[in-house]
Amino acid sequence: LPAFGFPTKENYRKAQAAASLALEIDPDLAEALTGLASISENHFEWARAENEYRRAIELDPGYPTAHQWYSQMLCTLGRPSEGLVHARRAVELDPLSLIINLILGRNLYCLRRYDQAIDQYRKTVELDTNWPWGYYEMGVVFEAQGRWEEAINAYQIAMRLTNDKFVIMGDLGRCY
């Protein structure tokens, strides 16, 4: 919940307690370490988060979420080339995951590989034409390229498909 818009101290406390308990039961549980890494990341404890992500991947190199979240953090830290390796690995492991495909596009965007990012977002949209966030992210790339009509179109599609319109409205307004 904290990573998806509910960043209360209570949610972080509960998440940390649950992950810690899971690690008491099984100290080699990559999922729990990935959860702790996310908490560390959201508290800007970058070195700790990186160690936790790396350990999770070491324990279970086939766990796609660890690669996905680690790739996102690497982009945030200005290391998108490293992030791209993990984003691609996550897609290899879970090629039908919408969010994992989206994150690969985001890594490409961070590298300013705009055409590749758009291609990746199109692949994401093909997986589910009713999922707004592939269109939204495509709009972000079109906007970065100054392709205003295409950005507006992508944002409008995303707006039609979600109840969470406020973020999109701001971007759409900026394009106009």
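Q: Why is Asn 51 called exposed?
A: Its relative accessible area is 52%, and exposed means over 50%, buried under 20% and partly exposed in between (1.4 Å probe, protein chains only), so Asn 51 counts as exposed. Asn 51 sits in helix α3 (helices are DSSP runs of H or I with at least four residues, strands runs of E with at least two, numbered from the N terminus). The C-alpha atoms of Asn 51 and Ile 157 are 39 Å apart, at a separation of 106 residues along the chain.

Q: What do the values rest on?
A: The model is predicted, so local features need pLDDT of at least 70 and side-chain atom pairs count only at pLDDT 80 or more, while totals for chains, interfaces and linings use all residues. Residues are numbered from 1 along each chain as its sequence is written, and side-chain values use heavy atoms, with hydrogens and water left out.

Q: How do you know whether Glu 52 is buried or exposed?
A: Glu 52, also found in helix α3, has a relative accessible area of 12%, and is therefore buried.

Q: Which residues is Glu 52 in contact with, leaving aside its neighbours within four places in sequence?
A: They are Leu 33, Leu 36, Ala 37 and Ser 40, where contact means heavy atoms within 4.5 Å.

Q: What makes Glu 31 partly exposed?
A: The relative accessible area of Glu 31 is 38%, so this residue is partly exposed. Glu 31 belongs to helix α2. Its C-alpha atom is separated by 7.5 Å from that of Ala 66, 35 residues apart along the chain.

Q: Why is α2 called roughly parallel to α4?
A: The axes of helix α2 (residues 30-42) and helix α4 (residues 64-76) come within 10 Å and cross at roughly 15°. That angle makes α2 roughly parallel to α4, as angles under 35 degrees count as roughly parallel, over 145 as roughly antiparallel, 65 to 115 as roughly perpendicular and the rest as oblique. Axes are lines fitted to C-alpha atoms, for helices over the stretch in contact, with angles from 0 to 180 degrees between N-to-C directions. The crossing of α2 and α4 is left-handed: the near helix is turned anticlockwise from the far one by less than a right angle, whereas clockwise would be right-handed.

Q: Which residues of α2 and α4 meet?
A: Thr 34, Gly 35, Ser 38 and Glu 41 of α2 meet Thr 65, Ala 66, Trp 69 and Met 73 of α4. Three of the contact residues are nonpolar, four polar and one charged (Ala, Val, Leu, Ile, Met, Phe, Trp, Tyr, Cys and Pro count as nonpolar, Asp, Glu, Lys and Arg as charged, and the others, Gly among them, as polar).

Q: What makes α7 roughly antiparallel to α8?
A: The axes of α7 and helix α8 (residues 132-144) come within 9 Å and cross at roughly 165°. α7 is therefore roughly antiparallel to α8. The crossing of α7 with α8 is left-handed. The contact takes in Tyr 114, Ala 117, Ile 118, Tyr 121, Arg 122 and Val 125 of α7, together with Gly 134, Tyr 135, Glu 137, Met 138, Val 141, Phe 142 and Ala 144 of α8. By class, the residues of this contact are ten nonpolar, one polar and two charged.

Q: What makes the phi of Phe 44 worth a note?
A: Phi of Phe 44 is near 60°, a positive value in a residue other than glycine. Most residues other than glycine have a negative phi. Phe 44 lies in the loop between α2 and α3 (46-59) and, with a relative accessible area of 61%, is exposed.

Q: Where does Arg 112 lie, and what is its phi?
A: Arg 112 is in the loop between α6 (98-110) and α7 (114-127). Its phi is positive, about 60°, although Arg 112 is not a glycine. A relative accessible area of 65% makes Arg 112 exposed.

Q: How many aromatic pairs does the structure hold?
A: There are five aromatic pairs; rings of Phe, Tyr and Trp (its six-membered ring) pair if their centres lie within 6.5 Å, and planes under 30 degrees apart count as stacked, over 60 as edge-to-face and the rest as tilted.

Q: Why is the pair of Phe 44 and Trp 46 called edge-to-face?
A: The ring centres of Phe 44 and Trp 46 are 5.7 Å apart and their planes stand at 65°, so the pair is edge-to-face. Trp 46 is partly exposed, at a relative accessible area of 28%.

Q: What makes the pair of Tyr 109 and Tyr 114 tilted?
A: The centres of Tyr 109 and Tyr 114 are 5.7 Å apart, with 40° between the planes, and the pair is tilted. Tyr 109 has a relative accessible area of 26% and is therefore partly exposed.

Q: Which residues do ring pairs link into a cluster?
A: Trp 133, Tyr 136 and Tyr 155 are linked in this way.
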